[in-house]
Amino acid sequence: MKKKLAIIGAGIAGLTLANLLKKNSEHEFILYEKQESLSLEEGYGIQLSTNSTKILNTIGFNKINREKIFHPKGVDFYNIKNEKICNLDLTQFNTTENKYTSLQRSTLIEFLKDDVYNQHLRFGKKISEVSELKGKILIKFDDNTNDLVDIVVGADGIFSNTRSFFEKKKNTPKFKKAIAIRRILKSKSDLEIDDENISLMMGNNCHMVIYPVNKNRELNLIYIVREKKYDPKNIQSLIDKVVIQNSKLEKFFKGDLRTWPLYYTPKILPSTNSKVFYIGDAFNGFLPTLAQGAGQSIESANELFNLLKVNKSDIQNFYFQERSKRAKIVRKRSNLNFFIFHFSNNILQTIRNFFMKFLIKRKGFINSYLGNVYKN
Ligand SMILES: Cc1cc2nc3c(=O)[nH]c(=O)nc-3n(C[C@H](O)[C@H](O)[C@H](O)COP(=O)(O)OP(=O)(O)OC[C@H]3O[C@@H](n4cnc5c(N)ncnc54)[C@H](O)[C@@H]3O)c2cc1C
C-alpha cells in the first residue's frame, strides 16, 4: 500500500532513503532539513566499504564521475614514526561491480541530492510539535507549516531531535574523550606511504589515517587524539601530542584544520512508536575507527526501504532486530579498534604489532572480523 513518509534530516542516511524510495517505490515522501541548504563544502573524506557501495550502485553510484572517487587497494599499518607494520588487502572484499571506495563527503552528498533536490527537499524545517491523528502522525514545524504522514523517519544525526519528540527514554550521546582533526593534503610530501592505499599510523594515545579521495590523489588526513575536554581554541596542544612523537608530521597540521569532538551512542534502543523509525546516526552513532558511520547510515536506509517495499504489518520489530544485530557487530569492532590503535605502553605496542602481522594474513580471522561487516 502506498504510504506517505516524512524523512527528518538530509544527511547521508536521509538522502539514501529518499533515493531508494524515488527510484524503486510508489511511496510519497518529503525530506525536511533544518539547515537552509545542504553543506557542500569539501568536508572530510568518507570511506565506503563494499556493503555500502553495493547499495549505492542500485541507485546509480556506479555512473559517478570516476575522477571524483578512488578505490584504495589496501590499508597499510605503520607506527607513528612511519615504520611499516603490515598491510591489509582490501581487494579481497571487492567484486567487479562493488569496490571499496573513498571520496569527499561533499561528492557523495552531491550525488545523493541530484534526483530529490527539486521535488522532495524542504529547507529550514524544524519540528515543533507532533501528535497522532486518525492513525497518522501530524508534524508541525516551527515555520507554522505541517504534514500528515503514515511514517516518520528520524535521520537527523547522533543528536536526533526527532527522538526527543517520540521517546521518553533518553539516549544522550557520550563524549569519547577524543577529538578528530582533519585536513586535505595536496600530496604525501616526504611521508613514506603509498598514496594509492589507506595509511594508518598508530601512536601513543592517538592515530592518523591518510587516504586518497579522488584521482588527483588529494589526501584526506584524519588525526584522532585522546583528550579529556574539547576546546576548539586549543588545537595546538593536540597537534603537539603527535609532533612530539614524530616531528616530520608538523607540516601536515598547517592551514585549514577542522576539529570535531567524538561522540557515540551508549545504548541501542528501539523506537516506541510503530510509525517512527530511526536510521543512520539517529539509530546509533559509532566511533569512526572502523570507518562505518556512513556505511551503516546507507545500510540502515536500505533495510528500512526493503521492509517498506514488502508491506509487512510488524516492520518495526523486524527493522529493530536486524539493525541492532548489525549495529552491535560494528560497534564492537569500532570500539576495539579505538582501544588498540591508541596503546601508549611500548610493550603493549610491540605485542599488538606482532599479533596484527600474524592475524592479518589469516583469511579466517579477516573474514570474520571484516568480511562480516563488508560482505553484508
Ligand atoms: C572525523 C570523522 C570521520 C568519519 N569518517 C567516516 C568514514 O571514513 N566512513 C564512514 O562510513 N563514516 C565516517 N564517519 C561517520 C559518518 O560521517 C556519519 O556516521 C554519517 O555521516 C551519519 O549520517 P547521518 O545521515 O545519519 O547523519 P548526519 O550526517 O549527521 O546528517 C543529519 C542531517 O540532519 C539534519 N538535522 C539535524 N537535526 C535536525 C532537525 N532537528 N530537523 C531537521 N533536520 C535536522 C542535519 O543538518 C543533517 O543534514 C566519520 C565521522 C567523523 C566525525
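This is a predicted model: local features need pLDDT of at least 70, side-chain atom pairs count only at pLDDT 80 or more; totals for chains, interfaces and linings use all residues.
Reader: What is the phi of Asn144?
Author: Most residues other than glycine have a negative phi. Asn144 is not a glycine, yet its phi is positive, at about 70 degrees.

Reader: Is Ala291 buried or exposed?
Author: Ala291 is also not a glycine, and it has a positive phi of about 50 degrees. Its place is in the loop between strand 18 (276-278) and helix 7. A residue is buried if 20 or more other C-beta atoms lie within 10 Å of its own. Ala291 has 23 of these neighbours, and therefore it counts as buried.

Reader: At what angle do the axes of helix 1 and helix 7 cross?
Author: Helix 1 covers residues 12-24 and helix 7 covers residues 293-310. The crossing of the two helices is right-handed. Their axes come within 8 Å, and the crossing angle is roughly 35 degrees.

Reader: Which element gives the most residues to the shell around the ligand?
Author: The ligand is surrounded by 33 residues, and the closest are Gly9, Gly11, Gly157, Gly280 and Gly293. By class, this shell has 15 nonpolar, 12 polar and six charged residues. Helix 1, strand 3 (45-48) and helix 7 each supply at least two residues. The element that gives the most, with four residues, is helix 7.

Reader: Which elements do the buried residues of helix 8 pack against?
Author: Helix 8 (residues 315-341) has 27 residues and reaches 38 Å from its first C-alpha to its last, close to the 39 Å expected. Its buried residues include Tyr319, Arg323, Val330 and Phe338. These buried residues of helix 8 pack against strand 14 (198-203), strand 15 (206-212), strand 18, helix 7 and helix 10 (363-374).

Reader: How many of the 14 residues of helix 9 are buried?
Author: Helix 9 comprises residues 346-359, and at 1.5 Å a residue it should span 20 Å, which agrees with the 20 Å between its end C-alpha atoms. Helix 9 lies largely in the open, because the number of its residues that are buried is zero.

Reader: Which residues is Ile109 in contact with, leaving aside its neighbours within four places in sequence?
Author: Ile109 is in helix 3 (residues 105-113). It has 19 C-beta neighbours inside 10 Å, so it counts as partly exposed. With those sequence neighbours left aside, its contacts are Leu15, Leu38 and Leu40.

Reader: How far apart in space are Ile235 and Ile179, C-alpha to C-alpha?
Author: Ile235 is found in helix 6 (residues 235-243). It is partly exposed because 15 other C-beta atoms lie within 10 Å. In sequence Ile235 and Ile179 are 56 residues apart, while in space their C-alpha atoms are separated by 9.6 Å.

Terms used. Residues are numbered from 1 along each chain as its sequence is written. Axes are lines fitted to C-alpha atoms, for helices over the stretch in contact, and angles run from 0 to 180 degrees between N-to-C directions. A crossing is left-handed if the near helix is turned anticlockwise from the far one by less than a right angle, and right-handed if clockwise. The expected span of a helix is 1.5 Å times one less than its number of residues. A residue is buried if 20 or more other C-beta atoms lie within 10 Å of its own, exposed if 12 or fewer, and partly exposed in between; C-beta atoms are placed from the backbone. A residue is near a molecule or strand if its C-beta atom, placed from the backbone, lies within 6 Å of it. Ala, Val, Leu, Ile, Met, Phe, Trp, Tyr, Cys and Pro count as nonpolar, Asp, Glu, Lys and Arg as charged, and the others, Gly among them, as polar. Two residues are in contact if their C-beta atoms, placed from the backbone, lie within 7 Å.
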